[in-house]
Amino acid sequence: MRIVTCICFLFYLNINAQIQDEFFVDDVKTIDILTVNFCVDNLGKTSSVVVIPEKTTYENQQNIAKVVEYQKNIEYYPDSKLRNKCFDFIFKFINSKFENKKLEKSKFSKCKEFKNGTFKYNDGSYLDIIIERDDKFQIEKSPTDFSKYQIEWTDDTNYVLTYLELSNKKLEYLIGEKIYVEIIDILEDGSYVYKSNLLDRTLITGIIKRIN
């Protein structure tokens, strides 16, 4: 769903469905984020939603209010493991030019710079994760988590990550699954914008920057 700053829109109750967490807008340069803390009650209903200012870069208060209202209307299964718990959640506001963008052929050769090295996520999410990548593997490390993937470049702008190892035992079902990643733009600071697809239901737009 695209949020257009000057046009009103409505959110609909999203019962037992995946939360929409990306919105295409015209009032950000690349990607800004909104981080909220939400709580789920014993019946599976969202009981509170609070914006976390220090983890939020998006500034359009009108759109923020609409997303908060959207989150408040989310309901989960009555037996959901989310009941009686609170969580931080990130919404991304992405410049609309990236919604259907493909990398220009003139920039294809620059993608070689992303095949080896040390990187980080540069869009406000996963701030504590460091990415180490070589010809065969990608390793992502944070103070609390570790994941290892096989990496295969299928052409200049696309690569596939296959889960090999995960420190989070609850995610071991992902081992062997593939994330399909496409580089859709290269920014002035040398970072790249990507779109990724896991299991056709986890679709992410983000930015990765080389740090070494």
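Is Lys 29 buried or exposed? Lys 29 is exposed, because its relative accessible area is 70%, over the 50% cut-off for that word. Keep in mind that this is a predicted model.

**The overall fold**

- Reading from the N terminus, the elements of the protein chain follow the order β-β-β-α-β-β-β-β-β-β-β-β-β.
- A compact globule of 212 residues would have a radius of gyration near 17 Å, and the protein chain has 18 Å, so the two agree.
- Along its principal axes, the C-alpha atoms of the protein chain fill a box of roughly 50 × 45 × 30 Å.
- Of the contacts in the protein chain between residues at least 6 apart in sequence, 53% link residues that are at least 24 apart.

**Surface and charge**

- Of the 212 residues in the protein chain, 42% are buried.
- The protein chain has an accessible surface of about 12000 Å², and carbon and sulfur atoms account for 52% of that surface.

- The largest nonpolar core has 23 residues, and the ones that touch the most other members are Phe 114, Tyr 159, Ile 183, Tyr 192 and Ile 208.
- Two or more residues of this core come from each of these elements: β5 (117-121), β8 (146-153), β9 (158-166), β10 (178-186) and β11 (192-198).
- Apart from this core lies another one, made of 18 residues, including Val 28, Val 49, Ile 64 and Ile 74.

**Tyr 159 and its partners**

- Which residues does Tyr 159 contact, leaving aside its neighbours within four places in sequence? The partners include Arg 133, Ile 151, Glu 152, Trp 153 and Thr 154.
- Further along the sequence, Tyr 159 is also in contact with Ile 179, Tyr 180, Val 181, Ile 183, Tyr 192 and Ile 208.
- Thr 154, one of these partners, sits in the loop between β8 and β9.
- Thr 154 counts as partly exposed because its relative accessible area is 48%, which falls between the 20% and 50% cut-offs.
- Not counting residues up to four places away in sequence, Thr 154 touches Tyr 159 and Val 160.
- From Thr 154 to Tyr 180 there are 26 residues in sequence, and their C-alpha atoms are 9.9 Å apart in space.

**Ser 196, a buried strand residue**

- Ser 196 belongs to strand β11.
- Why does Ser 196 count as buried? Its relative accessibility is 10%, and buried means under 20%.
- Beyond its neighbours within four places in sequence, Ser 196 is in contact with Ile 179, Tyr 180 and Val 181, as well as with Thr 202, Leu 203 and Ile 204.

- Lys 29, the residue from the opening question, is located in the loop between β1 (22-25) and β2 (31-40).
- Although Lys 29 is exposed, it touches Asn 95, Lys 97 and Phe 98, not counting residues up to four places away in sequence.
- Lys 29 and Glu 113 are separated by 84 residues in sequence and by 24 Å in space, C-alpha to C-alpha.
- Pro 143 lies in the loop between β7 (137-141) and β8.
- Pro 143 counts as exposed because its relative accessibility is 72%.
- Pro 143 and Ile 130 are 13 residues apart in sequence, with 9.7 Å between their C-alpha atoms.

**Two loop residues with positive phi**

- What is the phi of Tyr 126? Phi of Tyr 126 is near 55°, a positive value in a residue that is not glycine.
- Tyr 126 is in the loop between β5 and β6 (130-133), and with a relative accessible area of 38% it is partly exposed.
- Asp 200 also has a positive phi without being glycine, with a value near 60°.
- Asp 200 is in the loop between β11 and β12 (202-210), where it counts as exposed at 67% relative accessibility.

Notes:
Residues numbered from 1 in each chain as written. Predicted model: local features only at pLDDT ≥ 70, side-chain atom pairs only at ≥ 80, totals over all residues. Heavy atoms only, no water. Helix = DSSP H or I, 4+ residues; strand = E, 2+ residues; numbered from the N terminus. Rg over C-alpha atoms; globule rule 2.2 N^0.38 Å. Buried < 20%, exposed > 50% of the residue type's maximum accessible area, 1.4 Å probe, protein only. Contact = heavy atoms within 4.5 Å. Areas by Shrake-Rupley, 256 points an atom, 1.4 Å probe, with all protein chains shown as cover. Core = buried A, V, L, I, M, F, W, Y, C linked by side-chain atoms within 4.5 Å.
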